[in-house]
Amino acid sequence: MANLKDLKTRIATVKNTRKITKAMQMVAAAKLRRAQESAEDARPYAAQMNAVLGNLAQGAAESESAPLLLRGTGKDDVHLLVVATSERGLCGGFNASIAKLARAHANELTAAGKTVKMITVGKKGRDQLKRDFSDIMIDHVDHSEVKRLAYSDAADIGKDVIKRFDSAEFDVATIFYSRFESVVTQIPAALQLIPANFDTPEETSSTVYDFEPDENEILDDLLPRAVSTQIFTALLENGASEQGARMSAMDNATRNAGEMIDKLTIEFNRSRQAAITNELIEIISGAEAL
Amino acid sequence: MADTMQFDLVSPERMLASMQAESVSIPGAEGDMVAMPNHAPAVTTLRPGYVSVVAGGETTDYLVTGGLAEISAEGVSVLAENALPKGEVTKEVLEEFHRTAEEDAKDVSDHHSAAAARRIADHHDLLLRHGS
């Protein structure tokens, strides 16, 4: 049986852990609010961009002269997977579930005879995928210094992806991230970046726009921005998801620590009582022996 | 009779302005233009320059570095890659944009080099005009 001193130390340790997880939970809650606000602020731009491009793309998709970013290269032999995860751990299954989805996707593509390349954003995803895919990882984007995600961070990734596309390094690009549903549910998701994929507006708007310069030139200018915007949206969702996942993971940890403290305290009290009883028995039997 | 229209200026990070405006002048890729209520629907890309909004007789200027403007009879929405109120524009900011434009120009394909050169020139122009 564990002696009293050991139990006392254990209880103190778990109490300290609980303090830490409680603090982390509260920090995550504050950061989550901020992340959600950023995601919300970015929504109008993304929505408008989508609407305009959806409108433009509808007409242009069939035409021969449409930009490659929209039309694709016509092949799907080489796939680029952009896997966005967090820089920090202790957020439950957040990184694992993104990595799992990306891994399944990569294996499926490889099995179908395609070539897969991978760019990771965030240290944790790279660490998890390194073991299986280190030979196909072509780049890693480090965001550990980024305090608050700015559009330029996403634009840098977007430019890099487009540069690789222009030099025909891949045919199809997909980004993996976690969609923020609520504080307790984050759903790992995949979004195709190239060829660009827009939700066609439900009602085809009847307004006929004047385009200046012409449609293809506008598309040329806008599609790279749209790719960056999609990456930005994905990264913002990821940020909110990460904090949400961390918050619920830490909430669980705090609760577990509480339960553990209760259990250890009971054990401690029992042991102490047993020791006292033992001592009493010894005294009594000693007295009787006289 | 509508003599104002909805004006929205959004950047990827936030919504900068949303108001009723009497007219909006836009630095379009093929020349500046002024949109007023009941303008014919149009979509244009932007070159680096100033968007000026006239609302209630007051003019507000915003620096934009590129993006797109969607004009319809009801309003104008400007989607700008970078947008700043004119008051916050400093020489350093303009120099930074100029530098970024030059850096981006280094690794564009031939297909886009003309556009990149134009972008540098526009930024250069903004920089020159800033002092005067």
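Two strands are said to pair if DSSP finds at least two bridges between them, and the elements themselves are DSSP runs, numbered from the N terminus, with helices (H or I) of at least four residues and strands (E) of at least two. This is a predicted model, in which local features need pLDDT of at least 70 and side-chain atom pairs count only at pLDDT 80 or more, whereas totals for chains, interfaces and linings use all residues. Residues are numbered from 1 along each chain as its sequence is written, while chains are lettered from A and ligands numbered from 1 in the order in which they are written.

In chain A, 5 strands form an open sheet with mixed pairing, in the order β3-β2-β1-β4-β5. Its edges are β3 (137–141) and β5 (186–194) of chain A, each of which pairs on one side only, and the twist from one strand to the next averages 20°. (Axes are lines fitted to C-alpha atoms, for helices over the stretch in contact, and angles run from 0 to 180 degrees between N-to-C directions.) Strands of a sheet pair through backbone hydrogen bonds, either parallel or antiparallel. Within this sheet, strand β1 (residues 78–84) of chain A and strand β2 (residues 115–121) of chain A pair in the parallel sense over 7 bridges, and the bridge partner of Val82(A) in β2(A) is Ile119(A). The helix α6(A) lies across β1, β4 (172–180) and β5 of chain A, and runs at about 35° to β4(A).

How is chain A divided by its domain assignment? Domain 1 takes 4–21 + 252–285, and domain 2 takes 23–202 + 213–249; such bounds come from an automatic or database domain assignment. The C-alpha centres of domain 1 of chain A and domain 2 of chain A lie 49 Å apart. Between them, 6 residues of domain 1 of chain A are in contact with 5 residues of domain 2 of chain A, where contact requires that the C-beta atoms of two residues, placed from the backbone, lie within 7 Å. On the domain 1 side, the elements that give two or more residues are α1 (4–60) and α6 (215–289) of chain A. That side has 2 nonpolar, 3 polar and 1 charged residues, with Ala, Val, Leu, Ile, Met, Phe, Trp, Tyr, Cys and Pro counted as nonpolar, Asp, Glu, Lys and Arg as charged, and the others, Gly among them, as polar.

Chain B comes to 2 helices and 10 strands, and from the N terminus on its elements run β-β-β-β-β-β-β-β-β-β-α-α. The radius of gyration of chain B is 15 Å, close to the 14 Å that the globule rule gives for 132 residues, so chain B is as compact as a globular protein of that length; this radius is taken over C-alpha atoms, and the rule is 2.2 Å times the number of residues to the power 0.38. Along its principal axes, the C-alpha trace of chain B spans about 50 × 30 × 25 Å. Of the contacts in chain B with a separation of 6 or more, 48% are accounted for by residues 24 or more positions apart. The domain assignment of chain B gives domain 1 (5–86) and domain 2 (90–131), whose C-alpha centres lie 21 Å apart, and 5 residues of the former are in contact with 6 residues of the latter.

The contact of the two chains takes 24 residues from chain A and 23 residues from chain B. On the side of chain A, at least two residues each are supplied by α1, α5 (151–166), β6 (210–212) and α6, and α1(A) gives the largest share, 7 residues. By class, this side of chain A has 14 nonpolar, 3 polar and 7 charged residues. Strands also meet here: 3 bridges join β6(A) to strand β5 (residues 42–46) of chain B, and the two run parallel, with Asp210(A) standing opposite Ala42(B) in β5(B).
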